[in-house]
Amino acid sequence: QMDGRAFLALVRPLLEAGDADELVRVVRQRMTIASLCQHLLSIDIDVRRTASMVLGYVGDLECVPCLVRALRDSDEQVNRMAENSLLLLWFQGGSDAAGGAFQKGVRSFAREQYAQAIESFEKAIAIDPYFAEAHNQCALAYYFLEQWRDSARRYQAAIRLAPAHFTAIAGLGHCYLEMGEYRSAVRCFKRALHINPRMTSLPRV
């Protein structure tokens with residue numbers, strides 16, 4: 001087990017250099033995911049902050065639970081870095097086979113071509129039905145087209161696959177709000193805030 005000081009000495013120069021590939025190579029060679037997750041419990045804030053960031057580069061879906069716990073850290077920066085890492089891991093959580101269609105959907109979405117984005121995300125889902133982020137992004141595209149029922153259906157699928165996916169839970173809440181299902185909306189917003197207490201851009205509940 002590498003102590004916190006040695007961990008910081010190892011990764012800080014790599015982070016400062018901005019060399020993500022070298023960071024991944026070195027950390028995976030010298031550390032385990034379990035030991036990185038353990039650093040999220042350190043009494044040293046700098047260690048917790050750095051571990052929550054590094055897990056977004058080298059982690060996988062197995063470390064989602066420890067990052068979800070870090071969302072409730074007393075330090076706001078740990079929360080923010082854990083949130084970013086979770087979003088990265090979910091984004092990268094699909095199979096290689098589904099990756100091409102998913103990235104095509106992301107590009108279409110960025111161009112506000114929501115119908116084309118949905119077509120690509122649905123293709124990615126057909127290839128890899130367990131790709132939670134494909135469901136989530138597809139739901140968001142449906143939402144922008146004001147197709148609330150289809151959006152809610154995809155958000156629900158994302159949440160079944162990734163129960164801690166706070167942005168999908170919040171998105172489902174917004175769908176319920178648009179459909180006039182206010183109690184269901186409030187339940188979603190409260191659930192999202194329970195997972196990520198510092199989540200912004202939610203209605204006051």
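Let's start with Ser108. At 4% relative accessibility, Ser108 counts as buried. Buried here means under 20% relative accessible area, exposed means over 50%, and partly exposed is in between, with a 1.4 Å probe and protein chains only. Ser108 sits in helix α7, residues 96-110. Helices are DSSP runs of H or I with at least four residues, strands are E runs of at least two, and both are numbered from the N terminus. What does Ser108 touch, not counting residues up to four places away in sequence? The partners are Gln113, Gln116 and Ala117. A contact is a pair of heavy atoms within 4.5 Å.

A word on the source. This is a predicted model, where local features need pLDDT of at least 70, side-chain atom pairs count only at pLDDT 80 or more, and totals for chains, interfaces and linings use all residues. Residues are numbered from 1 along each chain as its sequence is written, and side-chain values use heavy atoms, with hydrogens and water left out.

Now the whole protein. There are 12 helices and zero strands. From the N terminus on, the order reads α-α-α-α-α-α-α-α-α-α-α-α. The C-alpha trace spans about 50 × 40 × 25 Å along its principal axes. For 205 residues, a compact globule would have a radius of gyration near 17 Å, and the protein has 18 Å, which agrees. That radius is taken over C-alpha atoms, and the globule rule is 2.2 Å times the number of residues to the power 0.38. Of the 205 residues, 50% are buried. Take the contacts with a separation of 6 or more: residues 24 or more positions apart account for 57% of them.

In α2, residues 20-30, the residues Leu23, Val24, Val26 and Val27 are buried. What covers them? The cover includes α1 (4-17), α3 (33-39) and α4 (45-58). One general point on helices. An α-helix has 3.6 residues a turn, so residues three or four places apart point the same way.

Look at α2 against α4. Their axes come within 9 Å and cross at roughly 100°. Axes are lines fitted to C-alpha atoms, for helices over the stretch in contact, and angles run from 0 to 180 degrees between N-to-C directions. The cut-offs: under 35 degrees is roughly parallel, over 145 roughly antiparallel, 65 to 115 roughly perpendicular, and the rest oblique. On the α2 side, the contact uses Ala20, Leu23, Val24, Val27 and Arg28. On the α4 side, Val54, Tyr57 and Val58 meet them. The residues of this contact divide into seven nonpolar, no polar and one charged. Nonpolar covers Ala, Val, Leu, Ile, Met, Phe, Trp, Tyr, Cys and Pro; charged covers Asp, Glu, Lys and Arg; the others, Gly among them, are polar.

On to a second pair, α10 (residues 148-161) and α11 (residues 166-178). Their axes come within 9 Å and cross at roughly 155°. So α10 and α11 are roughly antiparallel to each other. Is the crossing left-handed or right-handed? It is left-handed. Left-handed means the near helix is turned anticlockwise from the far one by less than a right angle; clockwise is right-handed. From α10, the contact takes Trp148, Ser151, Ala152, Tyr155, Gln156, Ala158 and Ile159. From α11, it takes Ala168, Ile169, Gly171, Leu172, Cys175, Tyr176 and Glu178. These residues divide into 10 nonpolar, three polar and one charged.

Zoom in on Trp148, in α10. Trp148 and Cys175 are 27 residues apart in sequence, yet 5.5 Å apart C-alpha to C-alpha. Leaving aside neighbours within four places, Trp148 is in contact with Tyr143, Cys175, Glu178 and Met179.

Then Tyr142, in helix α9, residues 132-144. At 9% relative accessibility, Tyr142 counts as buried. Its C-alpha is separated by 9.2 Å from that of Ala117, 25 residues apart along the chain. Beyond four places in sequence, Tyr142 touches Ile118, Glu122, Gln147, Asp150, Ser151, Arg153 and Arg154.

Last, two loop residues. Most residues other than glycine have a negative phi. Glu112 has a positive phi of about 65°. Glu112 lies in the loop between α7 and α8 (114-127), and is exposed, with a relative accessible area of 58%. Glu146 also has a positive phi, near 60°. Glu146 lies in the loop between α9 and α10, and is exposed at 55% relative accessible area.
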